[in-house]
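Good morning, colleagues. Please have the sequence and the three-dimensional view open while I speak.

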Amino acid sequence: MCNRARFAGEPETLFTKFGGDWLTPKPMDNRFNPKELFPKSRAYVVREESGSRGVDTMIWDVTAGQAPWPMTNVRNLKLQQWKALAERPENRCLIPLTEFAEWTPDKHQAGEGKPIKGEMWFSVTDQPVFAIAGFWRAIADARYFAMVTCDPNELVAPIHPKAMITILAPDDHERWLSGSYDDVLALQQPYPADLMTVRGPVFPTRKAG
């Protein structure tokens, strides 16, 4: 499942692409790095509030640390806990990315030491910035989100045969954010493989020998 992603852009580009402005104050601390997304890290998220669309900052773990591991991806939208979010447009969101990674199924020799798995980075050729279907919820004073996954396409399946994150076409953004529960289920589809590209394996944690 996707636990590594990037957004190589500035928040102002999101206002142009998705509309709106800040829904909450822009983060000003140095710990926030939206260009590198990991579980429990913060990311820019597009959502609607009181009829207005804008950009928020949320934590990538919809269970807010209440589970044994971060819940970053959601697949079965018919489970009651996820259906409760899927049915409510106010709990849906878009997660802007420029690329995402999946680990290689096999380990590789990368420099000295034991073989390790590498990262395969996927991007969308017809959308330099693309949106992932997601859900969010507020707990206490913070907001948390998860990405929705679906069946993998032919490009992702050899690397991760179980699932891929749900990439939305621009024309489907509005439908995801404001449509019915049936619309949500209908949009949970793999993005066309011929509109994506992949690079790797990349070994960011080990220097080449």
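Predicted model: local features only at pLDDT ≥ 70, side-chain atom pairs only at ≥ 80, totals over all residues.

Residues are numbered from 1 along each chain as its sequence is written, and side-chain values use heavy atoms, with hydrogens and water left out.

The chain has 4 helices and 13 strands; these are DSSP runs numbered from the N terminus, helices being H or I of at least four residues and strands E of at least two. Its radius of gyration is 17 Å, close to the 17 Å that the globule rule gives for 209 residues, so the chain is as compact as a globular protein of that length. That radius is taken over C-alpha atoms, and the rule is 2.2 Å times the number of residues to the power 0.38. Along the principal axes, the C-alpha trace spans about 55 × 40 × 35 Å.

Of the 209 residues, 47% count as buried, where buried means under 20% relative accessible area, exposed over 50%, and partly exposed in between, with a 1.4 Å probe and protein chains only. Among contacts with a separation of 6 or more, 70% join residues 24 or more positions apart; a contact means heavy atoms within 4.5 Å.

Let us move to the aromatic rings. A pair of aromatic rings is described by the distance of the centres and the angle of the planes. Rings of Phe, Tyr and Trp (its six-membered ring) pair if their centres lie within 6.5 Å; planes under 30 degrees apart count as stacked, over 60 as edge-to-face and the rest as tilted. By this rule there are 8 aromatic pairs. One of them joins Phe15 and Trp22 edge-to-face, at 5.6 Å centre to centre and 85° between the planes. Phe15 counts as buried because its relative accessibility is 18%, whereas Trp22, at 23%, counts as partly exposed.

Phe100 and Phe122 give a stacked pair, with 5.3 Å between centres and 20° between planes. Phe100 lies in strand β7 (residues 99–108) and Phe122 in strand β8 (residues 116–124), so this pair ties together parts that are 22 residues apart in sequence. Phe100 is buried at 0% relative accessible area, and Phe122 is buried at 0%. Elsewhere, Phe7, Phe15, Trp22, Phe32 and Tyr44 form one aromatic cluster.

Which residue's ring lies under the charged end of Arg6? That ring belongs to Trp121, and the distance to its centre is 4.0 Å. Such a charge, NZ of Lys or CZ of Arg, must be within 6 Å of the ring centre and within 35 degrees of the ring normal. Lys17 lies over the face of Phe18, at 5.7 Å from the ring centre.

Finally, the threonines. Thr104 is found in strand β7 and is buried at 4% relative accessibility. Leaving aside neighbours within four places in sequence, Thr104 is in contact with Lys117, Gly118, Met120, Ile159 and Pro201. The C-alpha atoms of Thr104 and His160 are separated by 7.7 Å, although these residues are 56 apart along the chain. The Thr104 side chain reaches the backbone oxygen of Asp106 at 2.8 Å.

Thr72 is found in the loop between β4 (52–60) and β5 (73–74), and Thr72 is buried at 0% relative accessibility.

How values were computed: Polar contact = N/O pair within 3.5 Å; in protein donor to acceptor, adjacent residues only side chain to side chain.
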